[in-house]
Amino acid sequence: MKIILASNSPRRKDLLATLVEGFEIIPSEAEETSKIKELVKEPFELVEKLSIVKAKDIFDKESVNEGDLIVIGGDTVVYLERRNYGEA
């Protein structure tokens, strides 16, 4: 089974390495559209949606040539006192 981390985050790589040996890193190039950001109201929903978009981006590209495949996507939002610090 092939495992892919759809992220270039050094921290996510380190975390996954504590759980799994022999995974590949292929950062997602999926666009984090403002449409997604407008559709969600809670920070955890935004992280969930963006993580899915990133994982699906890599899965759709890699699953054609692979058998069993797991793609792990992730995202981070810094949110404090009803303010999203990831927004400009």
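Reader: Hi! How many helices and strands does the protein have?
Author: The protein has 3 helices and 5 strands, where helices (H or I, at least four residues) and strands (E, at least two) are DSSP runs numbered from the N terminus. This is a predicted model, in which local features need pLDDT of at least 70, side-chain atom pairs count only at pLDDT 80 or more, and totals for chains, interfaces and linings use all residues. Residues are numbered from 1 along each chain as its sequence is written, and side-chain values use heavy atoms, with hydrogens and water left out.

Reader: Thanks! What pattern does the protein follow along the sequence?
Author: Reading along the sequence gives β-α-β-α-α-β-β-β.

Reader: And in what order do the strands of the open sheet come?
Author: The order is β2-β1-β3, an open sheet of 3 strands with parallel pairing; two strands pair if DSSP finds at least two bridges between them. β2 (24-25) and β3 (69-72) stand at the edges with a single partner strand each, so one side of each has no neighbour in the sheet.

Reader: Over how many bridges do β1 and β3 pair?
Author: Strand β1 (residues 2-5) pairs with β3 over 4 bridges, in the parallel sense. I70 in β3 is the bridge partner of I3.

Reader: Which helix lies across β1 and β3?
Author: That's α3 (residues 43-62), running at about 150° to β3. Axes here are lines fitted to C-alpha atoms, for helices over the stretch in contact, and angles run from 0 to 180 degrees between N-to-C directions. Contact means heavy atoms within 4.5 Å.

Reader: Nice. Which residues make up the largest nonpolar core?
Author: There are 7: I4, A6, I26, A55, I58, L69 and V71. A nonpolar core is a set of buried Ala, Val, Leu, Ile, Met, Phe, Trp, Tyr and Cys residues joined through side-chain atoms within 4.5 Å. The elements giving two or more residues to this core are α3 and β3.

Reader: Switching topic: is D75 buried or exposed?
Author: D75 counts as buried because its relative accessibility is 15%; buried means under 20% relative accessible area, exposed over 50%, and partly exposed in between (1.4 Å probe, protein chains only). D75 sits in the loop between β3 and β4 (79-80).

Reader: Which side chain does the D75 side chain join in a polar contact?
Author: The side chain of K54, at 2.5 Å. A polar contact is a pair of N or O atoms within 3.5 Å; within protein, one must be able to donate a hydrogen and the other to accept it, and residues adjacent in sequence count only if both atoms are side-chain atoms.
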